[in-house]
Amino acid sequence: MGPLTEELIRRLLELKERRRAVILAHNYQLKEVQDVADYVGDSLALAQKAATTAAEVIVLCGVYFMAETAAILNPDKKVLLPERSAGCPLADTIDADGLREAKRRHPGVPVVCYVNSSAAVKAESDICCTSSNAEKVVRSLPAARVLFVPDYNLGHYISRGLDKELILWPGSCTTHARVKPEDVHKAREAHPDALVLVHPECSPEVVELADFVGSTSAILKFARETSAKTLIIGTEMGILYRLKRENPSKQFYLLSPGLICPNMKYTRLESIVHSLETMSFQVKVAEDIRLRAKEALERMLALS
Ligand code: CIZ
């Protein structure tokens, strides 16, 4: 670590203390951001931390919907997203009007909404889910049909073992959608003894070829527990940092060079320092939307 980075970290820690802030970082963040975070996890874990933190300021190193989730659960705290433009193309595939229209087409059908969505979409939903608990959430509903938004691939993946019909929204994550079946074939050829672990946001054709399918926390757990020594990872590359650190005797390879989410890479140490210095960008959710979105999130948290 060079002297400039050391100085940035010193400044960051000083500001964090002065502002009584907690730094939460998603598993896909840059390694230097993960290193300064108080907690690193998936969006479920970050939502749980956000719901229980005693800090006065939450710095959410991730993308917009994650900061919104923290703001929904913490109306009395300041929630900062260090990079204002860190969005989520998947969340952008649906808005509240679009969901209301889908609900009109399927009256009485409960809505499960993946947390990768705006507060306004959560407010129109019955319950939220993440990739860690989507199947459990859908199973918990006493309904034969469920409207699942916005990730088609995640919905398709969990629908396989269900005795319910899922009506799927045609949204997808641009990063995971870049992975192709040929990537799996090539990776297996290059590493014949390796296991292939993919995220359920990948296409059904890719999921079909994998040895294990799970959220980032499920992939981390599988990697710790498996006796396999070589693992090919089919989710955003930021996860490799934790995987390598937690499993120094194992080899990890990225399934496709396309597995980089630009939005997850906007946040740097400089962004966090600037954010804490200027108390920006503060994420706020209108109270009527917040209250309804909170119900959907809390129903999920009660199951987790
Ligand atoms: O749920 C999340 O945090 C995302 C976006 C991926 C994962 O599986 O952790």
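**The interface of domain 2 and domain 3**

Mentor: Between domain 2 and domain 3 about 860 Å² is buried, 51% of it from carbon and sulfur atoms. Buried area is the accessible area (1.4 Å probe) that two parts lose on being put together, summed over both. In domain 2, the residues that lose the most area to domain 3 are Ser131, Asn153 and Tyr157, together 48% of what that side buries. The model is predicted: local features need pLDDT of at least 70, side-chain atom pairs count only at pLDDT 80 or more, and totals for chains, interfaces and linings use all residues. Residues are numbered from 1 along each chain as its sequence is written, and side-chain values use heavy atoms, with hydrogens and water left out.

Trainee: How many residues of domain 2 are in contact with domain 3?

Mentor: Contact means heavy atoms within 4.5 Å. Eleven residues of domain 2 contact eleven of domain 3.

Trainee: Which side chains meet in a salt bridge?

Mentor: A salt bridge requires a side-chain nitrogen of Lys or Arg within 4 Å of a carboxyl oxygen of Asp or Glu. The rule finds one across this interface. Arg160 and Glu208 meet in a salt bridge, at 3.5 Å from N to O.

Trainee: Which helix gives the largest share of the side of domain 2 that touches domain 3?

Mentor: Helices are DSSP runs (H or I, at least four residues), numbered from the N terminus. Helix α8 (residues 152–159) provides that largest share, with four residues.

Key
Helices (H or I, at least four residues) and strands (E, at least two) are DSSP runs, numbered from the N terminus.
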